[in-house]
Amino acid sequence: MTTPATRPFGSVRPGSGAMFDRIADRYDLVNRIMTFGLDRSWRKKTVDSLGLRAGSRILDLATGTGDMALEVLRRQADAQVVGLDPSSEMLAIGREKVRKQQLEASIELREGRAESLPFEDDSFDGICMAYGIRNVADRPAALREMARVTRPEGRIAILEATDVRSGILAPFARFHVYHVMPRLGAWLSSSEEYRYLQSSITAFPTPEAFVELMAECGLESLATHSMTFGANTLFVVRPAEVRPAEVRPAETGNGETGSVESRGGVR
Ligand SMILES: C[S@@+](CC[C@H](N)C(=O)[O-])C[C@H]1O[C@@H](n2cnc3c(N)ncnc32)[C@H](O)[C@@H]1O
């Protein structure tokens, strides 16, 4: 019998919400096992780098089953979090976790894509995104959107799995990513989707190239933390102070159309 988990990729784009719909039911379990439970400490470090304050409003992009959103609340009980993801199945599992912890008033999980955020400029104090940017089809668009919706003094923390290219432990890390993870994922979730994990990690830019891309999209790097011998990288950035001004027609307030500098720019 063909179940959602065993169907071949077909027309589904690898990394898309539709692909994650197929593996949602086992996603958390596979994650814990594949990372030996270490993903929790990487998530904590990511949330810590946001510099949360009382009442912070945080956007968790590619929220999936909501673990980052929940981590924010563990760190800052009065924070308000919006989690966004295109996978309705991942979100359904996340909503159940939120409901069980009675956090519905603090965490809102909604469907959407990072490339076009349904929020006003400067509407968040911070953004976190764990293992999401690798899956986004148009990364520059998503990065510009992050710069646009984050307040000037806000922080953006992007955690991503990265290829271990050098170092004494590189062969072991690569063996884990290339051979152990895809097989373990396929075995645990009876799905071929986990083959994509290895190819997407290999295809992701080096940390240096990604920092450059972020700068081109209006995000200034504050710190890059290489973790677990380079297998995970945490990028901490903020909206760049100087942005190329975008001149666009706008109402001047006296009924005439004039030109104003938008905070948008390349953001
Ligand atoms: C590996 S999961 C990470 C989930 C969660 N952040 C975590 O740490 O467990 C990647 C998530 O990216 C989401 N995703 C794929 N394309 C996306 C897009 N264009 N915008 C936002 N999220 C996207 C998928 O639906 C999936 O839930």
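Trainee: What makes 66% the share of contacts joining residues at least 24 apart?

Mentor: Two residues are in contact if their C-beta atoms, placed from the backbone, lie within 7 Å, and among contacts in the chain between residues at least 6 apart in sequence, 66% join residues at least 24 apart. Please keep in mind that this is a predicted model, where local features need pLDDT of at least 70 and side-chain atom pairs count only at pLDDT 80 or more, while totals for chains, interfaces and linings use all residues. Residues are numbered from 1 along each chain as its sequence is written.

Trainee: How do you know that β2 and β3 pair?

Mentor: Strands are DSSP runs of E with at least two residues, and helices are runs of H or I with at least four, numbered from the N terminus. Two strands pair if DSSP finds at least two bridges between them, and β2 (residues 80-85) and β3 (residues 107-111) have five, in the parallel sense, so they meet the definition.

Trainee: Why do β3 and β6 count as edges?

Mentor: The open sheet has seven strands in the order β3-β2-β1-β4-β5-β7-β6, with mixed pairing. β3 and β6 (219-227) each have a single partner strand, so one side of each is left without a neighbour in the sheet.

Trainee: Why is the crossover from β2 to β3 called right-handed?

Mentor: The chain passes from β2 through helix α4 (residues 88-100) to β3; with the strands pointing away from the viewer, a right-handed path from the first strand over the helix to the second runs clockwise, and this β-α-β crossover is right-handed.
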